[in-house]
Amino acid sequence: MFHDILITLTVLTNFTLVATSRIHKSIQVAAFQGVLLGLLPMTLGLGFHVHILLMAAAAVIVKGWFIPFLLRRALAKVHIHREVHPYIGYTVSLMLCALGTGMSIVLAHNLPLKPGGPFALFVPAALATLFTGFLLLVSRRKAITQVVGYLVLENGIFLFGLMLIEDMPILVETGVLLDLFVGIFVMGIVINHISVAFDSMDTRQLAELKD
Amino acid sequence: MAWYLIVLPLVAAGAAFAISSPMWRVRILTTTAILHLVGLLAALGGWGTLPAGAWLGLDALGGWVLLVISVLFLVCALYAPAYLALRPDRDGRIFTGSLLSFLGLASLLAQSQHPGLTWVAIETTTLATAPLIYFNHNRHSLEATWKYLLIGSVGIALALLGTFFIAYAANMGGVEEPLLYGRLMRYSAHMSRPWLRAGFVLTLVGYGTKMGLAPMHTWKPDAYGETPGIVGALLAGGVTSCAFLALLRIYAVVSAAGEARFANELLVGFGLLSMAWAMVFMVRQLDFKRLLAYSSVEHMGILVLGIGIGGNAAKFALFHLAANALVKSVLFLSAGNIHRSYASKQLPYVTGAIRRTPVSGWLFLLGFLAITGTPPFAPFISEFNIAYTALTTGHPWVGTAFLALLGAIFLGMSDTVIKVVFGTPSAQRVRTPYKDTFATTAPMIAALTLALVMGLWLPRPLQDMLQSAAAMVGGQP
């Protein structure tokens, strides 16, 4: 029961993410989504196995606290607050996000699930979150918002990984944790370089290379 | 399992990072490259005997790819001392350390028998190569690094999801951990088809991004254009081969499950699209390093096209992996030399390279002829056989399109290359101290000679290895 509510909230946060223009808020919402995903494994009735606890702790601490902390610190350095003139506007983004969520449900319908288990909503929600991450990545200009997009994309994969956590814990853990580390930590370093080199984090300035 | 192939370069990377003497650092680099190749040749004696249940092991497919990478790495490592001597302004520690870590991680990847481990290796090679792209520490290289990391990470994330999908397909079919490739192939009949297909699509897009297949190739021209030639050579022949291997392992599982038809259509589609896309951007390309990047997109397309056609073409796609890596190293290194000599990589400024840097100019020209399929170089053999197989095994349209694209690309590329090599030297040129020396050209001559020899003769043991590697790709465990 409770996990269905958490998943629904996750999908709702997707909509908030694509509709907000304030960067602070999008970091906050992404952190909230991370905490939701961290609570999810506890509600699945899988028991309090060490692997489950590790995944939960990783999500809450890393996605809910550490990465938002890094992003806020980077943000404080460059004095920007808003995502100005995204490539795709907010209304259109919302409609695309709704469309993507609908398509995820259709797609998930074609993928059979193992009978039993509490995972009925997992596949559509994972695909919808993945799609939202994509949308943020391609439609926003600021490097920080793009990293938030990547974080949301990761959340989608995390959600799917939970379906396998009981049977293949090691595969899922290494994958999810390493991906998280590489994506965010390394991008954090590069963002730092960008803000030093360009005095801003606008990726429009990163558009000199083209044909 | 040849663990020393993994450990040796990683230890050497640590040492190169710790040592402050540039002279010792390059000695470590070249010594490790030589030892790695020797060790690999020794280990390849036993590729036929892979114990069941091993997470790491050198089989024909992994061995072949690692052999290509090891030879390419040696060429680059022999070129590196002279290059680093020309760049005393830049920190060689991170550069050498990253190069060596890449070699260690590629060895891990080649021996990995578990999709999760393969994925970890691909992820870490991205990490190891990102500082190489940022080598010049200017705005352009920062932009290239950002695109490489962002697009590469998204691709790798998709590949992870694809790996999870395949794990779920196996899980539904009752296959238990560990999900080694061998086990997956043996029990492939039980795997859930929809999940397997969806997993293949995701891994193709994910690892395809890392290979640089169109339309996920957009990081490639920027990354190859802004890095030193030596890094370009390693990226175009090494990193892409790693991603291709990861894709082939999944393809082998899919074809063992009898879904090869589905996968082949996708591969042929992506192959032709990559070639066509590359052709469009190669015509009138003024930047000769970006030209090489698009040529790399084209050749990644040829690789997946060959696998998609199957049969003999799959074998020659694997052969093409080696041919492409060798010739690309010649092209990128000579382009790097020309770039250094002219302090530019744009066409109106770089003309008449054959007079200013005769050896590099000739090598650039010969490399161009080789890569576009002029006999008797190795790429001719693979391209000819892929086309022949396509035309004779019921893919007449694919074969015709393949040949037409090859012809168009030859014409498009030749325009820029001929101007760079033969044009009249422009009046407003910048004077630079760079001159071709033995150390900056001999590694390329060796690589080109090897590509020539491969086009004429391949030793028996290597032929056998190639044959079994192709059989593995076709789904025989």
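In chain A, residues 24 or more positions apart account for 75% of the contacts with a separation of 6 or more, two residues being in contact if their C-beta atoms, placed from the backbone, lie within 7 Å. This is a predicted model, in which local features need pLDDT of at least 70, side-chain atom pairs count only at pLDDT 80 or more, and totals for chains, interfaces and linings use all residues. Residues are numbered from 1 along each chain as its sequence is written, while chains are lettered from A and ligands numbered from 1 in the order in which they are written.

Chain A has 7 helices and 0 strands; helices (H or I, at least four residues) and strands (E, at least two) are DSSP runs, numbered from the N terminus. The order of elements from the N terminus is accordingly α-α-α-α-α-α-α. Along the principal axes, the C-alpha atoms of chain A fill a box of roughly 55 × 35 × 30 Å. A compact globule of 211 residues would have a radius of gyration near 17 Å, and the 17 Å of chain A agrees with that. The radius is taken over C-alpha atoms, and the globule rule is 2.2 Å times the number of residues to the power 0.38. Of the 211 residues in chain A, 44% are buried. A residue is buried if 20 or more other C-beta atoms lie within 10 Å of its own, exposed if 12 or fewer, and partly exposed in between.

Two packed helices are described by the angle between their axes and the distance between the axes. Axes are lines fitted to C-alpha atoms, for helices over the stretch in contact, and angles run from 0 to 180 degrees between N-to-C directions. In chain A, the axes of helix H2 (residues 23-39) and helix H3 (residues 50-78) come within 7 Å and cross at roughly 170°. H2(A) is therefore roughly antiparallel to H3(A); angles under 35 degrees count as roughly parallel, over 145 as roughly antiparallel, 65 to 115 as roughly perpendicular and the rest as oblique. Residues making this contact include A:Ile27, A:Ala31 and A:Val35 of H2(A) and A:Ala59, A:Lys63 and A:Leu71 of H3(A). By class, the contact of H2(A) with H3(A) divides into 12 nonpolar, 3 polar and 2 charged residues. Here Ala, Val, Leu, Ile, Met, Phe, Trp, Tyr, Cys and Pro count as nonpolar, Asp, Glu, Lys and Arg as charged, and the others, Gly among them, as polar.

A:Ala108 lies in helix H4 (residues 90-109) of chain A. It has 18 other C-beta atoms within 10 Å, so it is partly exposed. Leaving aside neighbours within four places in sequence, A:Ala108 is in contact with A:Val123, A:Pro124 and A:Leu127. A:Ala31 is 77 residues from A:Ala108 in sequence and 26 Å from it in space, C-alpha to C-alpha.

The contact between the chains takes 33 residues from chain A and 35 residues from chain B. On the side of chain A that touches chain B, helix H6 (143-162) and helix H7 (169-198) each supply at least two residues. H7(A) gives the largest share, 13 residues. This side of chain A has 20 nonpolar, 7 polar and 6 charged residues.

Chain B also has a pair of packed helices to follow: helix H2 (residues 22-44) and helix H4 (residues 92-111) pack at an angle of about 10°, with their axes 10 Å apart. H2(B) is therefore roughly parallel to H4(B). Among the residues of this contact are B:Leu29 and B:His36 of H2(B), and B:Leu99 and B:Leu103 of H4(B). The classes in the contact of H2(B) with H4(B) are 5 nonpolar, 4 polar and 1 charged. In helix H5 (residues 115-133) of chain B, 16 of the 19 residues are buried.

Most residues other than glycine have a negative phi, and most peptide bonds are trans. The bond from B:Ala214 to B:Pro215 is cis, with omega near 0°, and B:Pro215 is found in the loop between helix H8 (193-211) and helix H9 (219-226) of chain B. A cis peptide bond also joins B:Pro375 and B:Pro376, with omega about 5°. B:Arg284, not a glycine, has a positive phi of about 60°; with 11 C-beta neighbours inside 10 Å, B:Arg284 counts as exposed.
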